[in-house]
Amino acid sequence: MKNIKNFISYPFNSKLFFDLYQKLLNKSSNGFILSFHDLSPQTFKSHIECLLPAKPIPLDELIKRQMSEKSNKNCFSITFDDGVEETVRNSWDVCLKHNWPVTFFLPVNYLNGENLPFQKIQLLEYYLKDKEYTVPKDLKKNKSLMNKKRIIEQLKKIIYYESSFNIKENINYFLKFLPQKSELKNYKYLMPRAISWDEVKKISKNDLSSFQSHGVSHTACSGLTTDELKNEMISSKDIIQKHTGKKVNGFCYPYGSPNSINQASIDIASKFFDYSTTLIKGRLTNKSILHYLPRIDLYEENKASLVKMKVAIS
Ligand SMILES: [Zn+2]
């Protein structure tokens with residue numbers, strides 16, 4: 001599938017085709033937000049450079065321009081989610097070198113030492129023995145026994161909407177079947193370290209960087225109660241502000257998909273932040289909802305032509 005997409009996007013290698021396509025769709029004056037997770041600094045650099053002459057500008061500025069109906073022609077913003085140490089460090093080096101403004105969305109519990117739910121599922125996917133397990137009652141539909149494949153599928157599904165308590169209970173239940181941490185060879189690769197607060201503080205001194213909120217526990221907002229939503233938003237904002245000494249005015253919904261974001265989370269985010277970003281594909285328009293902003297997500301395996309195709313058709 002990945003290769004097919006890269007193949008179909010081949011014509012977008014042509015600058016003429018890319019420009020024409022955007023013009024036809026009348027999108028060239030609309031800015032866009034790129035969303036990255038984990039990728040190599042080389043790929044990140046080439047993804048940004050293939051979009052030239054378009055250039056990254058600070059996210060706040062991009063949103064302000066769009067909302068005041070100014071043209072965002074050739075403007076976009078770079079965002080990175082999740083705060084993985086290696087990714088933040090390497091991509092920040094690239095941004096600094098090229099003078100590219102960048103926004104990092106941080107889930108604060110991860111920086112405080114608790115690995116992200118999907119990293120734990122990755123560990124299970126890799127190390128859980130291939131056999132049937134008796135499953136906890138939230139996870140089972142009709143069956144009390146499930147094989148590894150189904151368990152992983154179910155866990156990957158529920159993180160998009162379940163409560164943090166249920167997710168934790170389910171994941172922790174299966175983690176008990178794994179060997180000791182010290183025996184897991186790929187532990188560090190599958191459960192990478194978060195960037196430290198000290199490093200965040202250091203990077204944040206440079207105004208090219210911006211650190212914003214990705215919640216506390218990286219739980220889907222639709223799985224949180226109103227009180228939990230408020231707590232996730234207020235305390236993540238306070239903690240990041242305390243470490244950077246700078247204002248936190250943006251929120252990024254964990255998982256960012258329509259079933260992870262409910263109306264309550266949009267309403268509450270509107271009270272505490274100036275804008276909120278999703279992972280729903282699209283460009284900014286002057287009709288964009290400030291607390292439901294689209295982004296274009298890019299990955300290591302995307303070739304330059306696919307990057308351009310995603311931007312052109314979004
Ligand atoms: Zn995330």
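Reply: Two ground rules come before the rest. This is a predicted model, in which local features need pLDDT of at least 70, side-chain atom pairs count only at pLDDT 80 or more, and totals for chains, interfaces and linings use all residues. Residues are numbered from 1 along each chain as its sequence is written. Helices (H or I, at least four residues) and strands (E, at least two) are DSSP runs, numbered from the N terminus.

Start with strand 1, residues 32–36. Strand 1 and strand 3 pair in the parallel sense, over five bridges. To pair, two strands need at least two bridges found between them by DSSP. Strand 1 also pairs with strand 10 (residues 296–297), again in the parallel sense, over two bridges. There, Ser 35 stands opposite Asp 297.

Strand 1 is mostly covered, with five of its five residues buried. A residue is buried if 20 or more other C-beta atoms lie within 10 Å of its own, exposed if 12 or fewer, and partly exposed in between, with C-beta atoms placed from the backbone. In a regular strand, side chains alternate between the two faces of the sheet. Phe 32, Leu 34 and Phe 36 lie on one side of strand 1. Ile 33 and Ser 35 lie on the other. Both faces are covered.

Now move to strand 3 (75–81). Strand 3 pairs with strand 4 (102–106) in the parallel sense, over four bridges. Thr 79 stands opposite Thr 103 in strand 4. The chain gets from strand 3 to strand 4 through helix 5, and this β-α-β crossover is right-handed. That term applies if, with the strands pointing away from the viewer, the path from the first strand over the helix to the second runs clockwise.

Strand 4 is mostly covered too: five of its five residues are buried. Val 102, Phe 104 and Leu 106 point one way. Thr 103 and Phe 105 point the other way. Strand 4 also runs parallel to strand 7 (residues 209–213), and five bridges join the two. Phe 104 has Phe 211 as its bridge partner in strand 7. Thr 103 has Ser 210. In strand 7, five of five residues are buried.

Next, the loops. Asn 74 lies in the loop between helix 4 (59–67) and strand 3. Its phi is near 60°, a positive value in a residue other than glycine. Most residues other than glycine have a negative phi, and most peptide bonds are trans. Asn 74 counts as partly exposed because it has 14 C-beta neighbours inside 10 Å. Asn 72 is found in the loop between helix 4 and strand 3. Asn 72 has 24 such neighbours inside 10 Å and therefore counts as buried. Asn 72 touches residues including Ser 29, Asn 30, Gly 31 and Leu 284, not counting those up to four places away in sequence. Two residues are in contact if their C-beta atoms, placed from the backbone, lie within 7 Å.

Asn 99 lies in the loop between helix 5 (85–98) and strand 4. It is not a glycine, yet has a positive phi of about 65°. With 9 C-beta neighbours inside 10 Å, Asn 99 counts as exposed.

The peptide bond from Leu 52 to Pro 53 is cis, with omega near 5°. Pro 53 lies in the loop between helix 3 (41–49) and strand 2 (55–56).

Last, a helix pair. Helix 7 (residues 117–127) and helix 8 (residues 148–158) pack at an angle of about 170°, their axes 10 Å apart. Axes are lines fitted to C-alpha atoms, for helices over the stretch in contact, and angles run from 0 to 180 degrees between N-to-C directions. The two helices are therefore roughly antiparallel. That label takes angles over 145 degrees, while under 35 is roughly parallel, 65 to 115 roughly perpendicular and the rest oblique. Ile 121, Leu 124 and Glu 125 in helix 7 meet Ile 152, Leu 155 and Lys 156 in helix 8.
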